[in-house]
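Here's a quick briefing to read alongside the sequence and the 3D view. Have a look at the structure first, then work through the points below.

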Amino acid sequence: MTTASLELINGSKYKGISFGFDKNVFGELVFNTGMVGYPEALTDPSYAGQILILTYPLIGNYGVPPKIKEAGLNKYFESEKIQVSGLIVSEYSFYYSHWQAKQSLSQWLKAEKIPALFDIDTRQLTKELRSFGTMSGQIIFGNKKSKFLVRPKPENLVKKVSIQKPIIYQAGKKKIMLLDCGVKNSIIRNLLARNLTVIRVPWDYDFLNTKYQFDGLVLSNGPGDPNDCDLLIGRLKQFLKLKKPILGICLGNQILALAAGGSTYKLKYGHRCQNQPCLNLLNQRCYITSQNHGYAIKSGSLSKPWLTWLINANDKTIEGIKHKDNPFLGVQFHPEANPGPTDTNFIFDDFLNLLK
Amino acid sequence: MKKDKIKKVLILGSGALKIGEAGEFDYSGSQAIKAFKELGIKVVLINPNIATIQTSDYLANRVYFLPVSPDFVCSVIKKEKPDAILLGFGGQTALNCGVALAESGVLKKYKVKVLGTSIKTIKATEDRAEFAKIIKKIGLKCPNSQAVYSVTTAQKAAKKIGFPIIIRSAYSLGGKGSGVVRNDLQLKELAKKSLAFSKQILVEEYLDQWKEIEYEVMRDQFDNCITVCNMENFDPMGIHTGESIVVAPSQTLDNYQYHLLRQVAIKIIRYLGIVGECNIQFALDPKSNEYRIIEVNARLSRSSALASKVTGYPIAFIAAKLAAGCNLSKLNNSITKSTTACFEPALDYVAVKIPRWDLKKFKQVSPLIGSEMKSVGEVMAIGRKFEEALQKAIRMLNIGADGLESSLSQTDKISNPTPQRIFSIAQALFLGKKIDQIHKLSGVDLWFLEKILNIVKIEKKLKTKKINADLLLTAKKFGFSDKQIAKFSGQSEEKIRSLRIRNKITPFVKKIDTLAAEYPAQTNYLYLTYNAGFDDLNFKTKNQVMVLGSGPYCIGSSVEFDWCAVNAAKTLRQLAYKSVMINCNPETVSTDYDECDKLYFEELTLERVLDIYDKENPKGIIISMGGQIPNNLALDLEKNKVKIMGTKAQSIDRAENRHYFSKLIDELKIDQPAWQECLSLAQATNFAKTVGYPVLIRPSYVLSGAAMSIAFNGDELKAYLLKATQVNKKHPVVVTKFITKANEIEFDGVAQNGRLLNWAISEHIENAGIHSGDATIVLPVQNLSFKEEKRITEASAKICQKLKITGPFNIQFLVKDKEIKVIECNLRASRTLPFISKIAKINFVNLATKAILGRKILAVKKPLAIDYIGVKAPQFSFSRLDGADPVTGVEMASTGEVGCLGDTFLEAFLKSILAVGFSLPQKNILISLGGEKNKSDFLESAVILKNLGFNLYTTSETNKYFTSHGLATKKLAKENDSKLPKIKDYFEKRKIELMINVTDEEFVNKIKGDYEIRRKAIDYNIGLITNIELAKTFIQAIAKLKINDLKIKAWDEYI
Ligand SMILES: Nc1ncnc2c1ncn2[C@@H]1O[C@H](COP(=O)(O)OP(=O)(O)O)[C@@H](O)[C@H]1O
Ligand SMILES: Nc1ncnc2c1ncn2[C@@H]1O[C@H](COP(=O)(O)OP(=O)(O)O)[C@@H](O)[C@H]1O
Ligand SMILES: [Mg+2]
Ligand SMILES: [Mg+2]
């Protein structure tokens, strides 16, 4: 078995054993505390450019499901490929058992050339990220005294994960334009399940001047800093004036806030888990949500006709916004779940109701 | 409902510990009391289980040590006029009692509001037919089934559904009355039995080898709903969740399955309108995503206690708040103190629960496990690898296994599981069987089997390869103990330990924090693991004292030791020490992280205690509060230079070792039954011949009379000696003259440096020969003369001085013909300590802890003077142990106990007997007495019964004897071929309410047909008394007292 190290820019070093592809990578280190759903998480484009640490120590137990297409989408995954730059776990289960599994996690990682290490004290690592804040690190093979890899040129991560050309998913009469900033398949699936035809367009698509007719706009999740999407934000500012229904999810929520005149900031270590409680301030109901984001809307940065709809019951950060008069919704969490709890699936119904 | 309206709430406890309803309800009740008190609501508690923490004077505002039955609860309601009642915290006992009170209109009449889940919902979940209907109505699936109320309809239903069939009964727990049947004959037999305990049974398709998955769900009245935790049973469907090895969180479910079941759980719970907590069980097809809903338990349960300990989420506490009307999102997570309770814990470890069985304690019991619970306790282990947690858990069981070893299996067939199955699997793998084959036989998921194979592979390596640091580290990561490694590699435990420490291979301490390190934890809920590289603590705390808890509950060691450990920790805080608790039993209060400053949910093995001791560096360690497990560590701990606080290890050894102790008693010139240490059969036979049979064979260092037997002749002596030497080879066997017809006395005391500080003397109602754990005990003594009492006290003081006791101790005496004789001495808290503490209103553990820590204490010079009486009665669980002979003897068999108070002895006695489930016979009593002596002894009592207007039935010899003494009774036949009316038929038709069947120990297994009728009585839920003194006392009591004479007085009203 090959060993490798995980080095943090603060100087910490953890030794691990490789179970993925043996290659050096650099990336932002983030941790997720969910206990199930590694195939979904690994293929979530929001993780692009990041080395993911799973705090649940036993990973790989149920293998990896087959690649089956359904309605043009990878049925059991959130995108076409593994999106994380690297994976860090405590224990990798070499043996897997599940009626659906077609290969092991290790086989999958190797095939997609993603490095992964196990036998690392992921709890200690998480505590370190919790107290220092999110930081970069690298997975390094070989025993040479390593220097830090050249940090990849700052790139627009959204651009990297978005599509090139529009794709249309036919369903009912009503049509949604989906701005793909790194969309998870489950968002599309949820729209299709409500009989909405989805016009999936690249993040920089000019939806103000399009040949497509559509009844509502969905701003997807995606990686990185929402401010990188200035092109999109500018267009959205114009679009808001049309008062057409909008749903922003995760990054899309932040983009919506920025277009509405609000501001965003980077959280110390983000929210990546399946157990974040979100309180609906309008009815005092609390939902358990699945999350994956490093940025948040600054509280108080949005003005009057915009309402804070939901807040995080733990750290009180903004989890959802709404417009008082217009059909605009934004949620910071993932109503499409996958991985995670399905409690807030009703957000899609709320959106559907706006599409009169 | 507004919470400020409720001023006083009545909480129902679960009564004595029994199979299926054990310590978990002490935990849940205690938390409920704390929650209500925090809300400013007065709490009245009814629970006769006197050894519990919930019945402590500092918790509820008022405690009634009365049976949790509709009559008594109704009387308490009349008296206390509570605004509300809580039914979900006292197991099935409380739930069923609540339903009965609602149905009879009592709750309505006295305007008592049911808090939390409504009666309507409770009924919908307990009535299996109703439940199935609801599930179908909301479009979900449960197994194909039919509810029936008679044997013939059961047969019809089975034909329709097709065999194999599982029978399940309503309003029960622990799988009572359930079982798999594969043909009509089996169905008929089981249906008959099940219908004796429950009026409704479900005939259902058997989901062979489906996975069994549980979720714990909380909901508030505002419809906020979360699942605290899910759990996967290692053993598939068909083995009760309480009999299964359970893993949390689930290991083989993917995201879709995990969240599908979670979503279904929430949907059902919302539909049912549960408020508080509930448990939901699923069956999941291993070959698809098909699932079935098995049941909802609309109350706190064994599983919820487990989930609470698994996650650190205080389920019972929060559930009580929700029942009181609180909003879940407004409550705090008590571990982080800064986040909300409305969230779902994220674990960064894996927990494994294993049930603790004690089937060897029962004669003739079936060794198989299935859908009915038989286990008496459980352990939980935490690790960062499944293998690590599993092996830890196996050691925690305290069954002599140092981990999962392939050589420990005996007779288990993997397809017909017994408690040994896990060992059989290891053995089969060791011998080269493939996991697929084992999967076919057992239905255990391949993932788990592969993990066991990992363990087996390392066992092989350890047995064949030279141990180096790498192999050692690997073995430790996979949960091997030093002892196990030593055994496999042919070295000593000490050597492995020092090799390990030299190579810096030591475990790390991690916190359980509910959020996988996302937020800092403010509490110290801890475990150790080798699968880490850093500690979560810095070990700078000073002034710490460690307390060892009880480990798993088993026969002879149960909630009483938890009470002692909790009170010791409490006293430490009072004395400004920091307490560090070690325990591994998820049913306890001592493993609530707010009961001590640091809680290690860990093994009570030498290795682990030393690991923790080395890290924490405490002032010392208290081993006298947790029963026999910590006590047995005394010498080894001392050898490793651990500072034992209290009585010295040497003294403990001198008391525990029967041989040393007997010698010491001789030296002190205190009388004792004649004894001899025997190394050979010849020696034993000679001794027995000299003193005369019967003789008692006792191994050392055991609790609750394990492998202790009475031999009435040479053959028996030979057989028993063999058994005793198998139990514990390290210590010799002592053979003692067995004294018949002696009175047995318990002396419980606390001493400091050999000086007796305080004590209490209690007396057994049964003559010696019934294990003190199975005896009915009364305080203060009733039949002891002043002189005898004085001599007992003096003898105890002498022993105390000789052994330089500091802390709690217990000495048992026999009294016969005015002579007192010592039979044993334990230099630790005893089973009776909570009972006497609560009856005498002197907290002996508090006193003992102070003595241990060297506080100056004035000695009490006078015996106890109270003018009320306390009686402690044992609870048996024979009905749950298929085939077990329900007789008592020198080996303990009871699973729990109650303690009740009265102004007179008979009042307290009768209350306690009712509290363990006896009901007063109304009409028909069957008497069957073995031997002339018992017959003549009982004659007077029989006459009393006759005069009270009872119909007396007898078996032939008893009938003959009574007739010849002028007492006419009706004759019934034990045998099936007799022309007389048969006992069996009378039982089946419920024409007998009580059977008195007494046989002397000598003949108990020899009288033909006796075992069969005793067993039948149990199977048909007929009252049974098998001890002559007990029977006589019972008859005296019913002759003197009517139910209305039993006073409804709270504990604080006895002064
Ligand atoms: N249809 C079934 N097929 C196979 N096993 C079953 C079925 N229903 C129940 N069981 C088994 O019986 C056990 C006890 O049933 P359950 O309804 O949970 O009783 P209790 O209420 O006493 O806990 C379950 O834990 C499960 O293992
Ligand atoms: N010499 C004896 N004569 C009669 N009964 C005895 C004698 N020794 C023990 N017993 C009975 O056996 C029971 C169990 O013995 P004990 O030594 O207390 O075992 P344990 O250590 O398991 O508590 C006692 O409670 C008592 O009833
Ligand atoms: Mg049940
Ligand atoms: Mg059950």
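**Briefing**

Over all chains, the count of salt bridges comes to 83. Keep in mind that this is a predicted model.

**Salt bridges within the chains**

- In chain A, K13(A) and E7(A) bring their side chains together in a salt bridge, at 3.8 Å from N to O. E7(A) is a buried residue, with a relative accessible area of 7%.
- K192(B) pairs up with E988(B), with 3.8 Å between the closest N and O atoms.
- D937(B) and K933(B) make another salt bridge, with the closest N and O atoms 3.5 Å apart. These two are four residues apart in helix α31 (residues 932–947) of chain B, which puts about one helical turn between them.
- D937(B) is partly exposed at 24% relative accessible area, and K933(B) is partly exposed at 44%.
- There's also a network of linked salt bridges in chain B, with K392(B), R497(B), E602(B) and D614(B) among its members.

**Where chain A meets chain B**

- On the chain A side 52 residues are in contact, and they touch 63 residues of chain B.
- The two chains bury about 4,500 Å² between them, and carbon and sulfur atoms give 47% of that area. Y95(A), W99(A) and R123(A) supply 16% of what chain A buries against chain B, more than any other three residues.
- Nine salt bridges cross this interface. One to look up is K451(B) with E91(A), at 2.9 Å from N to O.

**The two magnesium ions**

- Which residue coordinates both the magnesium ion (ligand 3) and the magnesium ion (ligand 4)? It's E295(B), and the two ions are 4.1 Å apart.
- The magnesium ion (ligand 4) is coordinated by Q281(B) through OE1 and by E295(B) through OE, at 2.1 to 2.5 Å. Q281(B) lies in strand β13 (residues 276–284) of chain B and E295(B) in strand β14 (residues 291–297) of chain B, so the pair ties together parts that are 14 residues apart in sequence.
- Buried or exposed? E295(B) and N297(B) are both buried, and Q281(B) is buried too.

**The seven-stranded sheet in chain B**

- Strands β13 and β14 belong to an open, antiparallel sheet of seven strands, in the order β14-β13-β10-β11-β12-β15-β16 (chain B). At its edges are β14 and β16 (377–383) of chain B, each pairing on one side only. From one strand to the next, the twist averages 25 degrees.
- β11 (residues 225–233) and β12 (residues 246–248) of chain B pair over two bridges, with E232(B) opposite V247(B).
- Helix α9 (residues 255–272) of chain B lies across β10, β11, β13 and β14 of chain B, at about 50 degrees to β10(B).

**The four-stranded sheet in chain B**

- Another open, antiparallel sheet runs in the order β24-β27-β25-β26 (chain B). β24 (675–678) and β26 (709–711) of chain B each have a single partner strand, so one side of each is left without a neighbour in the sheet.
- β25 (residues 695–699) and β26 of chain B are joined by three bridges, and I697(B) faces S709(B) there.
- Helix α24 (residues 658–667) of chain B packs on the sheet, with its direction at about 145 degrees to that of β24(B). Helix α25 (residues 681–691) of chain B runs at about 170 degrees to β24(B).

**An enclosed helix**

- In helix α30 (residues 905–915) of chain B, eleven of the eleven residues are buried, so the helix is largely enclosed by the rest of the structure. Its cover includes β29 (755–767) and α35 (1028–1040) of chain B.
- After α30(B) comes G917(B), with a positive phi near 105 degrees.

Conventions
Residues numbered from 1 in each chain as written. Chains lettered and ligands numbered in written order. Predicted model: local features only at pLDDT ≥ 70, side-chain atom pairs only at ≥ 80, totals over all residues. Heavy atoms only, no water. Pairing = 2+ DSSP bridges. Contact = heavy atoms within 4.5 Å. Axes fitted to C-alpha atoms, helices over the stretch in contact; angles between N-to-C directions. Donors = N, O, S within 2.8 Å, 3.2 Å for Na, K, Ca; no water. Buried < 20%, exposed > 50% of the residue type's maximum accessible area, 1.4 Å probe, protein only. Buried area = accessible area lost by both parts, 1.4 Å probe. Salt bridge = Lys/Arg side-chain N within 4 Å of Asp/Glu carboxyl O.
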